[in-house]
Amino acid sequence: MGIKIGACRDEHLQGLDLLWRLCLPDDPLWESSGAASARRTSRSTLLLVASVGTEVIGSVMAGYDGHRGWLYALAVLPAYRFDQVATNLVIEAEKQLTAIGCTKINLQLRSSNPQAQQFYRTMGYATEDRISMGKRLEFH
């Protein structure tokens, strides 16, 4: 069976949750609300999965705010990391963002992940002179 890339559907949610827990253990994506919450995002958010049969083997989330596009949650099961899955997920996300008018894509990486940095460089991304800042909101 070949690798297919498409929009996340309800039948992908359990596999997506497992993928994120395995590949993104320090990322809050799967905490509390999980993959189902990501699936219910706005129309300006894309959630793509790569699958082989019913198994989710990769994902990428992309967003567009009308000004810039963003890539998030690129994850691929270790057994498929040399099968161009990540490359094809990013290419598909770029195509879909371009189709809705996006002209620039940003992403954030952990500085402790040189493999991801090199992957994105091979995809044409470059380090920009920016400072990334964040604020965690606590809801009561």
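Author: One definition comes first: with a 1.4 Å probe and protein chains only, a residue is buried under 20% relative accessible area, exposed over 50% and partly exposed in between. The model is predicted, local features need pLDDT of at least 70, side-chain atom pairs count only at pLDDT 80 or more, and totals for chains, interfaces and linings use all residues. Residues are numbered from 1 along each chain as its sequence is written, and side-chain values use heavy atoms, leaving out hydrogens and water.

Reader: Is Tyr 72 partly exposed or buried, then?

Author: Tyr 72 has a relative accessible area of 39%, so this residue is partly exposed. Trp 70 also counts as partly exposed, because its relative accessibility is 26%.

Reader: How many aromatic pairs are there?

Author: The count comes to three aromatic pairs, where rings of Phe, Tyr and Trp (its six-membered ring) pair if their centres lie within 6.5 Å. Planes under 30 degrees apart are stacked, those over 60 edge-to-face, and the rest tilted.

Reader: Why is the pair of Trp 70 and Tyr 72 called stacked?

Author: The planes of the Trp 70 and Tyr 72 rings stand at 20°, with the centres 6.4 Å apart, so the pair is stacked.

Reader: Changing topic, what volume does the largest pocket have?

Author: The volume of the largest pocket is about 1200 Å³. A pocket is an open set of points on a 1 Å grid over the protein atoms alone where a 1.4 Å probe fits, with protein on both sides within 12 Å along at least five of seven lines. A volume is the space filled by probe spheres set on the points.

Reader: Which residues are closest to its centre?

Author: They are Leu 24, Leu 74, Leu 109, Asn 113 and Ala 116, out of 34 residues that line the largest pocket. A lining residue has an atom within 4 Å of a point.

Reader: What about the second largest pocket, what is its volume?

Author: The second largest pocket has a volume of about 790 Å³. Its lining has 21 residues, and Leu 107, Gln 108, Ala 126, Thr 127 and Glu 128 are the closest to the centre of this pocket.
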